Amino acid sequence: MKSMKVSNIVMMFSLALLLATGCDPNKKWRQQEQTDIQDYLYSLGDTVYTHKTSGLYYLDLTVGTGISPVAKDTVSIKYKGSYLSGVIFGSDYPNYPDTTTLKFVVGGGGIVSGIDEGVTYMKVGGKAKMLLPSSLAYGPYGYATIPGYTPLLFEIRLLKVTHPAAK
């Protein structure tokens, strides 16, 4: 009787382990996303993005000369967001004057985490490209017309940094 209980426990544990590791319905989407990112990076040739531990791919286009933002600073940016294919899904430049900007508080949760992290590597006046895996953008569910598990490219210009005490 005791060996039957142990046997049942082992069988239930094994089944739970199999279900947890072998039946991941989103596994193929995550794998496809990684393939898409690697194919995109390969297509760039010698262009080298820095791969951060978070998963963000970062590339300075123009290094700024001003200050770098830190948590709780308010930043003003211009941005262009596109898919890896180059199709633009959102932009506030170059069609708008510099008075039309996107503002957010660094670390405040008001923007996708990949951009939130990426601006901290910039200095005012700088321009950078950021490749965000979906885990740093809109995740497995997507947002509006952006499907889940979609890596995104952003081109960011950091225009201004305001420290909380300076407001």
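1. Let me start with alanine 144. In this predicted model, alanine 144 is exposed, with a relative accessible area of 75%. That puts it past the cut-off, because exposed means over 50%. As for its place in the chain, alanine 144 sits in the loop between β6 (127–132) and β7 (152–162).

2. The backbone of alanine 144 deserves a look too. Its phi is positive, about 50°, although the residue is not a glycine. Most residues other than glycine have a negative phi, so I'd check this spot by eye.

3. Now for tyrosine 149, which also lies in the loop between β6 and β7. Phi here is near 55°, again a positive value in a residue other than glycine. Is tyrosine 149 buried or exposed? Tyrosine 149 is buried, at a relative accessible area of 14%, because the cut-off for buried is under 20%.

4. On to leucine 59, which belongs to strand β2 (residues 57–62). With a relative accessibility of 16%, leucine 59 counts as buried.

5. What does leucine 59 touch, leaving aside its neighbours within four places in sequence? The contacts are Thr47, Val48, Tyr49, Ala128 and Lys129. One of these, Ala128, falls in the range given for β6 (127–132). Alanine 128 is 69 residues from leucine 59 along the chain, yet their C-alpha atoms are separated by 5.6 Å.

Technical notes. Residues numbered from 1 in each chain as written. Predicted model: local features only at pLDDT ≥ 70, side-chain atom pairs only at ≥ 80, totals over all residues. Heavy atoms only, no water. Helix = DSSP H or I, 4+ residues; strand = E, 2+ residues; numbered from the N terminus. Buried < 20%, exposed > 50% of the residue type's maximum accessible area, 1.4 Å probe, protein only. Contact = heavy atoms within 4.5 Å.
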